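Subject: Structure handover

Hello,

Here is the structure for your files. Please open it alongside this message.

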Amino acid sequence: MASRSEPLDSLDFFPTPPWSTRALCEVVLGGTGALQNLSCWEPAAGEGHMSDVLAEYFRDVFASDIWDYGRGHGIGAFAAENSGLVDDLARCPFRPDWIISNPPFNLAKDFVIRGLEEASTGVAMLLRTSWLEGRDRYETIFRDRPPTTVAVFAERVPMVKGRWDPKASTATSYVWFIWEREHFGTPSRIVWIPPGQREALTRSDDVARFAVRGIPE
């Protein structure tokens, strides 16, 4: 059931559960040992629900968003100039090894395209499983630049508009779409993120760090 849909002018603020970002880093990308000397840009950072977790793994993390959520992040649009909220593109102060994000639904394709231009090592986007479908995405991305890995959550990743609710449930399924430069041109592979990661990768201080954040819906 793919129920997440937002108006074109919406900020589409659905904070990412911390454990789902850790699942990407731990299960798919190799954990701290593989990432600790690398840099990352999170260009739809919101209140830091994903970027703060990425900082647990990456040496340098730059966080930005089109809207100022009061977290001290860079302000700018990742996907389009003159968006109406800001007048220029977001720019990372260094060339990131990775660009990782949970992008706005209506701009996901543009996030992937720019991410592939900017990142030196790879791009990872948390998107609905149904994002695999669609002629436009096939012709603009998948045909010539298919993801190297599609990492499927065996359990659901609940997201709530405007806040992280650790007790939420969902009927919408999400996967990580991952592009790695060194594997461009190879057939896409599907991997599964095993069940139990929500429990295993949720930390005791996550509620204090993340659940109290959020803006009114």
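First, the ground rules. This is a predicted model: local features need pLDDT of at least 70, side-chain atom pairs count only at pLDDT 80 or more, and totals for chains, interfaces and linings use all residues. Residues are numbered from 1 along each chain as its sequence is written, and side-chain values use heavy atoms, with hydrogens and water left out.

Overall fold

The chain has seven helices and eight strands. These are DSSP runs, numbered from the N terminus (helices: H or I, at least four residues; strands: E, at least two). Of its 217 residues, 48% count as buried. Buried means under 20% relative accessible area, with exposed over 50% and partly exposed in between (1.4 Å probe, protein chains only). The accessible surface is about 10,200 Å², and carbon and sulfur atoms hold 49% of that. Areas come from the Shrake-Rupley method with a 1.4 Å probe; for residues, only the protein chains shown count as cover. Take contacts between residues at least 6 apart in sequence: 71% of them join residues at least 24 apart. Contact means heavy atoms within 4.5 Å.

Helix packing

Helix H4 (residues 108–118) packs on helix H5 (residues 135–142) at an angle of about 5°, with the axes 11 Å apart. That makes H4 roughly parallel to H5. The cut-offs are under 35 degrees for roughly parallel, over 145 for roughly antiparallel, 65 to 115 for roughly perpendicular, and oblique for the rest. Axes are lines fitted to C-alpha atoms, for helices over the stretch in contact, and angles run from 0 to 180 degrees between N-to-C directions. On the H4 side, the residues are Lys 109, Val 112 and Ile 113; they meet Asp 136, Thr 140 and Ile 141 in H5. Three residues of this contact are nonpolar, one is polar and two are charged.

Aromatic pairs

The whole structure holds nine aromatic pairs. Rings of Phe, Tyr and Trp (its six-membered ring) pair if their centres lie within 6.5 Å; planes under 30 degrees apart are stacked, over 60 edge-to-face, and the rest tilted. Trp 131 and Phe 142 have ring centres 5.6 Å apart and planes at 90°, so this pair is edge-to-face. Trp 131 sits in the loop between strand E5 (122–128) and H5, while Phe 142 is in H5, so the pair ties together parts eleven residues apart in sequence. Trp 131 is buried at 5% relative accessibility. Phe 142 is buried too, at 12%.

Trp 131 also pairs edge-to-face with Phe 177, at 5.4 Å centre to centre and 75° between the planes. Phe 177 lies in strand E7 (residues 174–180), 46 residues from Trp 131. Phe 177 is buried. Elsewhere, Trp 41, Phe 62, Phe 78 and Phe 111 form one aromatic cluster.

Nine of the eleven residues of helix H1 (residues 18–28) are buried, so H1 is largely enclosed by the rest of the structure. Among them are Trp 19, Arg 22 and Cys 25. Just after H1, Gly 30 takes a positive phi of about 100°.

Phe 210 is in helix H7 (residues 206–211). Its relative accessible area is 0%, so Phe 210 counts as buried. Beyond its neighbours within four places in sequence, Phe 210 contacts residues including Pro 18, Arg 22 and Trp 164. Phe 210 and Pro 17 are 193 residues apart in sequence, yet 8.7 Å apart in space, C-alpha to C-alpha.

Best wishes

Notes
Ala, Val, Leu, Ile, Met, Phe, Trp, Tyr, Cys and Pro count as nonpolar, Asp, Glu, Lys and Arg as charged, and the others, Gly among them, as polar.
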